[in-house]
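Please open the structure in your viewer and keep the selection panel at hand.

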Amino acid sequence: MHAKTVDSTLIACRASKYAALILLASISCLDFQFESEYEDINGLHIEHVHSYSFVGTKILFNGSMGYIANAESLLVYDFTEVDAAVYLGYYAAYNSINDFQICDNCAVLVTDTGIEIVDISDSLPNQLSAVPMFFFGGSVKIDNDNAYVVSPNQLHVVDISDRQNPTLTNSYAFNDNIRQVEIDSNFAYVLVGTDFWVLNVQNPSVIIPIDSTSLPALDIFHPEAFFKKGSFIYFASYTTFAAWLSTCELTLNKDTQVLNHIVVPDRVRKFHMSDEYTLAVSWYAAFLINLRYPTSPCISEETGFGGIDGTIRDDYIFLLTPNLVIFEIKQVD
Amino acid sequence: MTSLLFYAIYATVTGNVYSAELIEPLQAHVLVADLQQVYICDSLGVFTIPGIAPGIHQLIVSHVGFKEETLSVAIQEPDTIHLRIGLRTMPILIEEVEATGDRIITPGKRMLQKDEIEIMPGAEKNVFRAIQMIPGVSSASDYLGLFYVRGGELYENKVLFDNVEILAPYHYFGVGSTFNVDLIEDFDFLMGAIPARYGDAVSSVLLLHSTEASEEKSGVASVDLIEANLTYSYPFSENLSATLAAKRNYLDFLLQQMGIVEGVLLPYFFDVQGKINIRTQLGDFFIGSLHSREGTDIEASFVDQTVHLKMGGMANTGWLGWDYNGSDRLHFEAHAFYSDMDRHLDGRGPTSADTATEDYHAQKYGALVHAEYKIGPITFALGGGIGRYGLTHSGAKIEDIFYKIGALYYSLEADTSDHYGFLYVVQRFPILRVFDCEIGERIDWLTTINKPTLSPRLRLIYRRNPSLFLAYGYHFQTPPLEYPVREYKPLQARSLSMGTEYLIKPALSTKIELYRKNYRNLIRGYGDNVFFNDGEGQASGIEFSLRKYQFGNLFGMISYAYSFSERTTPYDSAIVTTDVHRPHILNFFLGSRLYGGFRVGVQLQLASGLAYRPVIGREGYGGYYGWSPVYSPEKERLPYYQRFDIHVGKEFSLWGMRGEFYTTVLNITNRKNIQGYLYNWDYTLRKAIYMLPLVPLVGLRAEF
């Protein structure tokens with residue numbers, strides 16, 4: 001065997017040294033990323049589209065036609081182009097329109113003296129019937145050709161199957177003023193003072209109370225509005241220091257439990273729900289509520305405006321501030 | 001074979017002896033025949049014959065199992081002569097004998113040796129990185145050297161160095177532990193079926209064993225881009241030796257100088273560890289100490305927000321031990337120790353509401369004895385100890401601050417101190433010559449717990465190939481005293497594990513283990529600053545591993561663990577999966593010694609992402625600082641974790657030293673593993689915070 005005189009160890013040392021130097025030099029060229037770019041949490045953002053000068057107290061849609069209540073007038077606009085609405089005309093009611101609902105090309109208007117049913121199949125509405133039934137009519141909801149009308153402390157059920165001849169079917173009286181009523185699947189959910197009532201209205205001529213809950217007992221003070229989704233009821237209320245949204249699970253004939261309370265920016269007066277979104281409107285704020293987890297509602301997007309009322313159609317928010325301001329709900333890339 | 005070589009007079013002859021087939025160094029004998037002097041190669045196969053006289057000398061190189069080589073060296077003038085001598089294998093004919101042996105299978109026990117730790121990428125400076133290769137062990141972050149076992153919490157693991165409990169074995173926000181790897185010979189990691197000798201831990205016990213006392217002066221120095229390390233051993237006499245090790249990292253300084261990360265100072269830490277060994281006729285005495293210090297001053301700016309985290313910590317441990325072998329059958333151990341740690345942390349987030357501080361002081365001291373006596377195949381062991389443990393705490397816990405990356409509205413106020421004690425007895429015996437059985441009973445008087453706890457433990461092993469094992473036992477632990485509860489109860493775990501291990505061929509084995517654990521008296525949180533000591537949980541899983549032990553050039557392990565774990569935590573009163581639990585963990589490690597003195601290690605880890613509760617929206621008054629996050633009621637998982645590390649080293653021998661140049665690249669694919677999310681001021685936007693990016697390290701390690 002022949003001995004080698006070549007010092008392979010020193011060669012390896014030199015090679016390693018050069019490799020180390022190259023590696024050190026290349027370090028400064030590497031992109032060390034410790035954080036990502038910002039991304040939107042819920043993938044949505046609200047963008048202002050247009051502001052109109054006309055005003056109103058309530059807005060609803062029938063297709064692309066928008067109907068705005070303004071004193072005794074029901075204004076009609078074509079919102080085919082959302083940012084270029086076309087005024088078509090108006091319907092003049094006998095008295096100031098306190099509330100109205102739309103069903104089957106008809107609008108049911110509630111005034112201080114009764115109801116007026118208006119045909120809105122044409123671009124210019126025309127009256128079908130006007131019947132004095134009660135005084136100081138407030139809000140109205142329609143379900144199964146029945147209109148449920150609130151007049152301070154009474155809930156009136158009006159049969160409107162015959163548009164020409166609506167008839168008062170029944171009236172149910174409470175001990176306090178009714179703030180809001182919602183109808184869903186043969187049940188009426190009624191916010192009366194600080195109590196929450198559930199009535200069976202499957203047969204409107206026989207209204208059966210099912211359950212009532214004292215909301216202050218659930219730490220829900222000064223309730224002002226609510227909305228229902230699935231088996232959950234969400235109450236807007238306020239205390240001295242904050243406005244709240246409280247989540248309850250509806251359990252008939254059992255103790256209703258509050259699941260959580262969250263603080264909201266302002267006292268919510270109205271809720272509007274579409275298939276995808278829930279809008280909360282207060283004097284100083286209008287915002288979307290995320291109900292991805294029904295037991296943990298939260299605020300997702302704010303409009304930056306407050307208002308009297310509003311509604312959602314497709315991906316647009318129509319907010320009456322009282323001027324009509326339109327926002328688009330957009331998906332974030 | 002004889003060779004004639006002509007070289008210089010008064011020369012030094014050095015050389016490498018290696019296996020011609022395996023290209024592995026051999027610790028061969030080199031006999032200078034005419035001088036009748038024998039020189040022995042070191043572990044790298046290097047020999048040195050100094051001051052050899054002029055003339056022709058015969059060198060006879062021999063090693064068991066290899067054919068002897070004879071060569072002649074002719075020296076004429078002063079020079080240094082280098083030789084490379086390859087020996088060929090020569091089988092040794094011996095009488096055929098029947099060998100029977102006991103295979104030591106320990107349920108839930110995993111071992112790793114020093115050579116494996118040195119070549120594992122990243123583990124050469126952090127033993128806890130090596131532990132993460134073990135199935136059932138997960139970590140929550142590349143930045144925190146913390147580990148979690150089978151869905152358990154961090155405080156449910158105990159770390160012992162030479163059987164002494166170390167209160168602060170981790171370095172927070174660092175990539176290292178407090179231990180100097182050069183002082184670690186190997187470690188045993190006990191999960192689930194922990195022997196009765198060890199208690200006060202419901203998840204795992206990590207036993208680190210220090211290197212043996214050195215018989216000659218030696219040292220190891222290593223330096224790389226982030227850390228410098230020095231270990232030195234000095235034998236004062238045949239019976240007295242001392243070892244001192246120190247390390248300090250300087251990544252913060254280096255990155256700042258290189259301008260890679262502006263405005264961010266990463267943490268520093270500094271550790272000193274020492275040991276004195278005294279051998280007497282009355283046994284071996286040893287005195288050990290560990291002093292560690294760390295600090296962090298991180299100020300990170302994210303667009304319009306600044307997060308500031310400042311931390312300082314110090315820990316000290318000292319111990320005095322005694323080891324005595326009365327005979328082949330009798331063994332005694334005793335030691336006394338003192339350990340304390342201090343930590344202060346101050347964190348400030350983007351808003352004035354996002355602040356968190358922590359002041360933490362813990363102190364523990366005690367003494368314990370252990371005795372073992374063997375009567376034939378039966379072993380009796382008994383032992384006990386007493387001591388005192390105290391803790392004061394205020395603020396939020398450091399792990400919470402890091403993982404939550406946001407506001408923490410609670411403060412853990414604790415100030416408690418109490419004695420503790422324990423006794424245990426263990427008996428190991430064979431059954432029917434095919435089973436090994438170990439029965440243990442342990443009694444603990446845990447700190448702050450009024451009643452003693454009884455922990456029976458059973459292990460049964462079927463000694464064949466494949467072997468079967470079964471282990472069952474109760475484990476109790478002092479609850480984390482930082483959480484103020486009305487009455488402390490001991491954490492309790494009932495553990496059952498079973499499995500099989502099969503030795504496929506020498507040095508290659510496979511193991512499957514199933515386990516089930518039930519927890520009681522866990523800490524559960526219920527709203528801010530309200531905690532209870534009555535939570536429950538369960539964990540179960542299956543772990544598979546295939547391991548090639550270091551025998552020859554190639555060694556490594558592939559393992560897969562699937563686990564299911566749900567429990568209450570200080571943040572969740574409900575029984576839910578914990579944030580740090582990863583259901584699927586796949587580990588792969590391969591190390592090899594290549595031709596030319598190269599050593600290569602690769603490590604791949606694939607694991608489920610951490611669980612977290614995403615922010616789904618907000619609540620509040622609105623306006624700046626008026627928002628609070630609303631968290632999802634259901635946990636989601638971050639994207640899966642992947643990290644591929646590589647270590648390449650080249651051994652060398654120079655100026656009487658041997659060493660290694662190495663390059664370690666952590667996260668070589670630069671995978672952006674998400675640690676968590678930071679949110680903007682109104683919780684409409686979030687950004688991901690990543691774990692370690694690609695980190696190249698170049699270093700030099702020298703043994704002298």
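In which order do the 4 strands of the open sheet in chain A lie? The order is 2-29-28-27, with antiparallel pairing; strands are DSSP runs of E, at least two residues long, numbered from the N terminus, and two strands pair if DSSP finds at least two bridges between them.

This is a predicted model, in which local features need pLDDT of at least 70 and side-chain atom pairs count only at pLDDT 80 or more, while totals for chains, interfaces and linings use all residues. Residues are numbered from 1 along each chain as written, chains are lettered from A in the order in which they are written, and side-chain values use heavy atoms, without hydrogens and water.

Select strand 2 (44-55) and strand 27 (309-313) of chain A: each stands at an edge with a single partner strand, so one side of each has no neighbour in the sheet.

Move to chain B and select B:Phe147, B:Phe179, B:Phe187 and B:Phe189, the residues with the most contacts inside the largest nonpolar core, which has 103 residues. Such a core is a set of buried Ala, Val, Leu, Ile, Met, Phe, Trp, Tyr and Cys residues joined through side-chain atoms within 4.5 Å; buried means under 20% relative accessible area (1.4 Å probe, protein chains only).

Finally, select A:Cys248, which is buried, with a relative accessible area of 1%.

How values were computed:
Buried < 20%, exposed > 50% of the residue type's maximum accessible area, 1.4 Å probe, protein only.
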